[in-house]
Amino acid sequence: MKTTTAKSLRVSKKEGVRKPILAFLKSLLTDAVFDAILIPMQVPAGDSYAWVLVKDPSLLDQANPLAPIMPVQGAKALKSLTRKGEGNLKIAAVMRPCEVRASVELAKLNQIHLESITLMSVDCPGVLPVADYFENPGESEKRFNAMLSENRWGNGSMKSVCQICEQFSILPSSDFHFGLMTGSESSVVLISSSPKGQRVLKDRSLDGSVSLSDWENGIESIRQERKKERTKRFREVQSMVEGFDGLLKTFARCIGCHNCQSACPICYCRHCYFGSEASKLDSDFILKKAEQRGGLSFPLDRRMFHVGRMSHMSLSCVACGLCSDACPVSIPVADVFSFVADQTQRTFDYKAGEKREEPLPIRQYRLEEIKGVEEWVKDAEGVES
Amino acid sequence: MKEPFHPKIVSFLCKWCTYSGADLAGTSRMQYPPSILPIRVMCSSRVNPVFVIKSYLSGSDGVLIGGCHPGDCHYQSGNYHTRRRIAILKKVFDSIGLETERVRLSWISASEGSKFARISEEFTGKIESMGENPTKKKVFL
């Protein structure tokens, strides 16, 4: 049973949402509710963000729960933190919803241990594509913060996957949530939705009389808009990749660097087929292939890599868009992958990372399901077998 | 003169059922088309979707995956996992507009030599009607 408690933080319009959230997190550290907090922080040079495991409360001043970019997926940071088991520290991870979802997926794949981790999600306005941000970090920072303070959500300068994201707010899988889309701009709602989350709100002197309806309505109206946009965009993507020629065209620029794979939080396999010895061919074989086709382009098997990755990880794809950010030749990798992921996840009525108790579809089966995959043929007596 | 089209169908056959079924078809002297290129795997769930994608992108006209009937898997549940995997693969193919019909999953037991021959014939016929794999002559892959 999930128990939900909501409280609210007061926000003055002038200072924005960041300060009160950080002050709240600081109080959690000083009161030893948590031993450490994992949160994005601006790097000293001021032109990017990195994940920092904060022990010293004063460091939190430089943290930003709503960083304008996502250079590293939070689930990856959490994975390196808990790779060798859970540890004894109580840690809070302040993340975007797609990072929470990726963490939950990785936990299902036994790559992250969530036992001692409290996942805290924030309402996410989206993030800027890193390439756009790096052109002028200072300017981008200002632009992003202006968008936030003016409540201009769903802005067109965000990453394309962010523009059509429907899971940008509270998730059944997060322990605690910061609701920013309150409309009134004078408060942030704090929602705890698990026993771990309850610990956070316990003994905090906060305004307990919150009505969630404003926030919920705000979220819902954005979600409805996104849903429409999503259907439209997916149709465009589908017509772009349609058929083998579409696939060739879409990934025509691919240089085979596998950056999309390294940036992907879900692609965790330490021994991937792509890039392994098993995937390498001997020259006689390659020559034969070239002979059959009249020629053969290098690097080899670029389409195979992408389609293979789709078949391997699309069930857990959280559409965070890190693959597009990582692509040095600007292929809209995330648009294609999130579309395919939407299709494959739909097959099993599964939404990656949404619920912790839902097992991975690939790990289980039902005796009778997904009709039409096997071709059932009638035998001589007309009996289906 | 244009050569007639003889399809090539890479077939991943499970050792315990379909491969034995193919053996039975052979020892019973049943006729089936030479288009089937059998690869024996220990279980149909050994077939990584990438094997199928690789076959398809390497110009194989069809890919057949043969396993034990549901409930008969030598390893209890391998074929149920195969079914899910192939379902995902077919969905991926479908989403990006590749021809899902070129991939076929069939359950053929060790005693069903005649079924193996029949499915081989049927699938070959279907591939013949679909024509050559469009990836066969591509230089840029």
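**Reading strands and helices**

Visitor: Which residue in β6(A) is the bridge partner of A:S121?

Guide: In β6(A), A:S121 has A:H177 as its bridge partner. The model is predicted: local features need pLDDT of at least 70, side-chain atom pairs count only at pLDDT 80 or more, and totals for chains, interfaces and linings use all residues. Residues are numbered from 1 along each chain as its sequence is written, while chains are lettered from A and ligands numbered from 1 in the order in which they are written.

Visitor: In which sense do β5 and β6 of chain A pair?

Guide: Two strands pair if DSSP finds at least two bridges between them; strands (E, at least two residues) and helices (H or I, at least four) are DSSP runs, numbered from the N terminus. Here β5 (residues 117-122) and β6 (residues 176-179) of chain A are parallel, with 3 bridges.

Visitor: What is the strand order of the sheet?

Guide: The open sheet has 7 strands in chain A, ordered β1-β7-β6-β5-β4-β2-β3, and its pairing is mixed. At its edges stand β1 (5-10) and β3 (49-54) of chain A, each pairing on one side only.

Visitor: At what angle do α2(A) and α3(A) pack?

Guide: Axes are lines fitted to C-alpha atoms, for helices over the stretch in contact, with angles from 0 to 180 degrees between N-to-C directions. Helix α2 (residues 74-82) of chain A packs against α3(A) at about 40°, the axes being 8 Å apart. Therefore α2(A) is oblique to α3(A) (under 35 degrees is roughly parallel, over 145 roughly antiparallel, 65 to 115 roughly perpendicular, the rest oblique). Residues making the contact (C-beta atoms, placed from the backbone, within 7 Å) include A:L78 of α2(A) and A:L106 of α3(A).

How values were computed:
Contact = placed C-beta atoms within 7 Å.
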